[in-house]
Amino acid sequence: MSRNSASLIPSAPGPSSPLTNSYTYHSSIPTAPGPYILGVDEAGRGPVLGPLVYGVAYCPASWKTDLEQLGFADSKTLTPEKRAQLLGVLNSDPQNLGWSVRVISPQAISAGMLRIPPTNLNKQSQDATVLLIRDAIQRGLQLSEVNVYVDALGNTTTYEAYLSSQFPGISFTVTTKADSKFKIVGAASVAAKVTRDACVDGWTFEELIEQDDNAVSSARKENWNREFGSGYPSDPKTQTWVKDSLDPTFGFPSIVRFSWTTVKVILEKSAHSAKWIDEGQESLVKAFESGKGREKDRCIVTKDLGIQSIGTL
């Protein structure tokens, strides 16, 4: 997908708009009477570059046979051209079809995974799924008496029970390869994948905006080309781009997920090290380190003060 094509995807940031914060995009809500079926899928869990995008698609349960004829499938089995065409199909029948995406920025992914206690990728994925389903209900979509189909995240039984507890009265089907088994999940897969591709292909480097040092800006532009590859850590093209994009003092541009092991290794090997010169701070730093064993996720300060987390007030 070219940068010009990426700018035409309604769920992607606008031209020259850097992706700095996570956001949600909704199409118009279909006007046909319910109840509705809804599918959930994602794009971009594994890559070291770019956002993680969760998508939902929905249509009336009575329209399911029509949906079967539209060509939706696991987005990974479709060409970019076919995916773009199918997103157009999703937008072509506002009476019966609707979709939404939650775009989780690389910064948010990394900040969540590196905070104490960490918010791992599964928890961030769960939160995005719940948010999208809750938004659909709040916007007037009737989901009772029908199934919501969700692509697997960890243990299917556990995840199904979790979603059911969040939305009593809605029947959930959580299964592996849901995007191949259910067309409505295939539609969600297309929405998520096209949005992610548009985000990456149209990426605006915020670090180059209003850059005062022209020499630094020129050097970064030369290194920060768009030869990203697939974005997966195992891709040699991606590996080369990540290594070449490193600034030894300031690290990586914000498209990089700095919580990934691949990135941590490069930083340790090739970036400038930092040393705290005030050794008196060591005890203070240690006081806020996370505990271990039975004291996991509690630092010395919270333990000494008798502070504990509570679920409800």
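This is a predicted model: local features need pLDDT of at least 70, side-chain atom pairs count only at pLDDT 80 or more; totals for chains, interfaces and linings use all residues.

User: What makes E3 and E4 a pair?

Analyst: Two strands pair if there are at least two bridges between them. Strand E3 (residues 52-60) and strand E4 (residues 98-104) have seven bridges, in the antiparallel sense. The seven bridges meet the cut-off of at least two, so E3 and E4 count as a pair. Within these strands, Gly 55 stands opposite Val 101 in E4.

User: Why are E1 and E6 called edge strands?

Analyst: The open sheet has six strands in the order E1-E4-E3-E2-E5-E6, with mixed pairing. Strand E1 (23-26) and strand E6 (171-175) each pair on one side only, and are the edge strands. On average, neighbouring strands are turned by 15° against each other, direction ignored.

User: Which helix lies across these strands?

Analyst: Helix H5 (residues 121-138) lies across E1, E2, E3, E4, E5 and E6. H5 runs at about 30° to E3.

User: What makes a residue part of the lining of the largest pocket, and which are closest to its centre?

Analyst: A lining residue has an atom within 4 Å of a pocket point. The largest pocket holds about 590 Å³ of space. Its lining has 31 residues, and the closest to the centre are Ala 43, Gly 44, Lys 76, Lys 193 and Tyr 232.

User: How do you know which element supplies the largest share of that lining?

Analyst: E2, helix H7 (178-181) and helix H8 (183-201) each supply at least two residues. H8 gives the largest share, with six residues. By class, the lining has 15 charged, nine polar and seven nonpolar residues.

Terms used: Residues are numbered from 1 along each chain as its sequence is written. Side-chain values use heavy atoms; hydrogens and water are left out. Helices (H or I, at least four residues) and strands (E, at least two) are DSSP runs, numbered from the N terminus. Axes are lines fitted to C-alpha atoms, for helices over the stretch in contact, and angles run from 0 to 180 degrees between N-to-C directions. Contact means heavy atoms within 4.5 Å. On a 1 Å grid over the protein atoms alone, a cavity is a set of points where a 1.4 Å probe fits but cannot get out, and a pocket is an open set with protein on both sides within 12 Å along at least five of seven lines; lining residues have an atom within 4 Å of a point. Grid points are joined across faces, edges and corners, and a volume is the space filled by probe spheres set on the points. Ala, Val, Leu, Ile, Met, Phe, Trp, Tyr, Cys and Pro count as nonpolar, Asp, Glu, Lys and Arg as charged, and the others, Gly among them, as polar.
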